[in-house]
Amino acid sequence: MEVYLDDIIIYSKTFQDHLNHLKNVLTTLAVAVLKLNPDKYELFKNNIEFLGHEVGKARITPDENKA
């Protein structure tokens, strides 16, 4: 059996919190014997595109490319 998990978004208020959250998520994935595809992940971004929107620290705006 194969399962595909599309998105894991980790939001943190500080960089140190982010490192801790990232470690917890990666540890949990490893314990569950789940693997990440290095071609499909991005780390330490300030803004992300998600469900047709650009999400950042201070705002959420519609993605202009999806309009």
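**The helix and its surroundings**

Author: His 18 has a relative accessible area of 16%, so His 18 is buried. Buried means under 20% relative accessible area, exposed means over 50%, and partly exposed lies in between (1.4 Å probe, protein chains only). Two notes on the basis come next. This is a predicted model, in which local features need pLDDT of at least 70 and side-chain atom pairs count only at pLDDT 80 or more, while totals for chains, interfaces and linings use all residues. Residues are numbered from 1 along each chain as its sequence is written, and side-chain values use heavy atoms, with hydrogens and water left out.

Back to His 18. It sits in helix α1, which covers residues 15–31. Helices (H or I, at least four residues) and strands (E, at least two) are DSSP runs, numbered from the N terminus. What does His 18 touch, once neighbours within four places in sequence are left aside? Ile 10, Ser 12 and Phe 44. Contact here means heavy atoms within 4.5 Å.

Now move along the helix to Leu 22. This residue is also placed in α1. Is Leu 22 buried or exposed? Buried, because its relative accessible area is 13%. Beyond four places in sequence, Leu 22 is in contact with Ile 10, Leu 43 and Phe 44. Leu 22 and Ile 10 are 12 residues apart along the chain, and their C-alpha atoms are separated by 7.1 Å.

Next comes Val 25, again in helix α1. Val 25 has a relative accessible area of 25%, so it counts as partly exposed. Its contacts are Ile 8 and Ile 10, not counting residues up to four places away in sequence. Ile 8 is 17 residues from Val 25 in sequence, and 9.0 Å from it in space, C-alpha to C-alpha.

Ile 10 is a contact of His 18, of Leu 22 and of Val 25. Phe 44 touches His 18 and Leu 22.

Glu 42 and Lys 45 meet through their side chains in a salt bridge, at 3.4 Å from N to O. A salt bridge is a side-chain nitrogen of Lys or Arg within 4 Å of a carboxyl oxygen of Asp or Glu. Side chains of opposite charge can pair when their charged atoms come close. How many salt bridges does a search of the whole structure find? It finds 1. Glu 42 is exposed, because its relative accessible area is 60%. Lys 45 is partly exposed, because its relative accessibility is 43%.

Follow the chain out of the helix. Val 33 lies in the loop between α1 and β1 (48–50). Its phi is positive, at about 55°, although Val 33 is not a glycine. Most residues other than glycine have a negative phi. Val 33 reaches 65% relative accessibility, so it is exposed.

The following loop, between β1 and β2 (53–55), holds Leu 51. Here too phi is positive in a residue other than glycine, near 50°. Leu 51 is exposed, because its relative accessible area is 69%. Gly 52 belongs to the loop between β1 and β2. It is partly exposed, because its relative accessibility is 28%. Gly 52 and Asn 65 are 13 residues apart in sequence, and their C-alpha atoms lie 8.5 Å apart in space.

Finally, the whole chain. It has 1 helix and 3 strands, and their order from the N terminus is α-β-β-β. Buried residues make up 9% of its 67 residues. The radius of gyration is 14 Å, whereas a compact globule of 67 residues would have one near 11 Å. That radius is taken over C-alpha atoms, and the globule rule is 2.2 Å times the number of residues to the power 0.38. The C-alpha trace spans about 40 × 35 × 15 Å along its principal axes. Of the contacts between residues at least 6 apart in sequence, 17% join residues at least 24 apart.
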